[in-house]
Amino acid sequence: MMMLLLKVVGKMKVLVTGGAGFIGSHVCDALIARGDSVICVDSFNDYYDPKYKRSNVSQHLSDEDFFLVEQDITCFDGLKKVFDLHKPDKVIHLAARAGVRPSLSDPFLYERVNVLGTLNLLELSRLFAVKNFVFASSSSVYGGNDKVPFSEDDPVDNPVSPYAATKKSGEILCYTYHHLYGLNVSCLRFFTVYGPRGRPDMAPYLFTKWILEGKPIRRFGPGSSRRDYTFVKDIVSGILAALDKDLPFEIFNLGNSATVELNRFIEVIEGILGKKAVIEQYPEQLGDVPVTFADISKAEKLLGYSPSTKIEQGMRIFIDWYLKERAEQEGLRVSAQDRA
Ligand SMILES: NC(=O)c1ccc[n+]([C@@H]2O[C@H](COP(=O)([O-])OP(=O)(O)OC[C@H]3O[C@@H](n4cnc5c(N)ncnc54)[C@H](O)[C@@H]3O)[C@@H](O)[C@H]2O)c1
């Protein structure tokens, strides 16, 4: 009885934007699992197939603590109605146009969703006295910095893609709302997140798909670029820690703090699938950076963040999921042995 009472009193209403996306849906799972109430706001745009986003949250649709709202964050009035109705205690703002390369061909769309959308959420969080605002930023704000690992104190004034510039702009707006109105904000710079429900435009997903299909992997550059790959479960633990701490204003790196060379990353997938990749060579792409590497000491100290998933482990979990849940929808024939 006492336990039940504590659970009811302690229940938080958390508005999660982009809640049907890759990271967002895992955040929703974790909040629901610990007994919080979730208002999941998503526009289900077609950056990738929205049926995947719908399936990411389908398991919660009959849950009384889960409210799915189909809403575009660029529409202030529509968003205000959501705040009016649900009066969230806290906000986790993950909705964005997320790809780096596509931001070069449609910078206006990126600016509208990632900057105006963020401003709408900050303004409403101020108006509705939200207790804490967690903002999804990105390692891409470090641009071509060559001092590694990247630390939150490093200069980030030279973003090399419109996407990175919008994330930096989001951080600046977050600071302004903290400064002017005392809004608690944590900006989290995610480093290449992967795992089940992963984005179909990202390397872990594409390389797995292409190797299975026997199609060539489009490798940009010689394969010596390095990424700090972070398993989604570890990212979610960092997001919830920032949500619970209610810190006044902080910026945190959330990475794995270990880099993997592109060629090694391909080898890991080949090893798990038991199949060699065919490589098709392309020159380096504008907007790409040679290395991402997170110094996570600040998150370890202030959030108790402690990522524990190595790339071999995490990619095995991802590929198991891909073979069971996604391969057939992608038109691939998967044997029962592969799926087991
Ligand atoms: N996945 C990564 O490696 C990574 C790395 C750094 C930062 N991030 C950031 O983390 C966040 C989540 O990324 P993800 O990988 O889960 O991407 P995702 O595309 O799977 O999720 C984003 C979700 O936001 C929704 N959305 C987009 N525009 C919207 C709008 N105008 N209104 C309402 N909803 C909208 C999309 O429909 C989608 O479901 C993003 O802000 C992204 O920039 C991701």
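Ala, Val, Leu, Ile, Met, Phe, Trp, Tyr, Cys and Pro count here as nonpolar, Asp, Glu, Lys and Arg as charged, and the others, Gly among them, as polar. With that in hand, the shell around the ligand in this predicted model has 14 nonpolar, ten polar and five charged residues.

Let's stay with the ligand for a moment. Of the 29 residues around the ligand, Gly-18, Gly-21, Phe-22, Ser-43 and Ala-96 come nearest. At least two shell residues come from each of α2 (22-33), α6 (107-127) and β5 (132-138). The largest share, three residues, belongs to α2.

| Strand paired with β5 | Sense | Bridges | A bridge pair |
|---|---|---|---|
| β6 (residues 185-190) | parallel | six | Phe-190 with Ser-138 |

Together with helix α7 (residues 162-181), β5 and β6 make a right-handed β-α-β unit.

Now for the whole protein, which has 13 helices and 13 strands. A compact globule of 340 residues would have a radius of gyration near 20 Å, and the protein agrees with this because its own value is 20 Å. The C-alpha trace spans about 55 × 45 × 35 Å along its principal axes, and 45% of the 340 residues count as buried. Among contacts between residues at least 6 apart in sequence, 80% join residues at least 24 apart.

Notes. Residues are numbered from 1 along each chain as its sequence is written. This is a predicted model: local features need pLDDT of at least 70, side-chain atom pairs count only at pLDDT 80 or more; totals for chains, interfaces and linings use all residues. A residue is near a molecule or strand if its C-beta atom, placed from the backbone, lies within 6 Å of it. Helices (H or I, at least four residues) and strands (E, at least two) are DSSP runs, numbered from the N terminus. The radius of gyration is taken over C-alpha atoms; the globule rule is 2.2 Å times the number of residues to the power 0.38. A residue is buried if 20 or more other C-beta atoms lie within 10 Å of its own, exposed if 12 or fewer, and partly exposed in between; C-beta atoms are placed from the backbone. Two residues are in contact if their C-beta atoms, placed from the backbone, lie within 7 Å. Two strands pair if DSSP finds at least two bridges between them. A crossover is right-handed if, with the strands pointing away from the viewer, the path from the first strand over the helix to the second runs clockwise.
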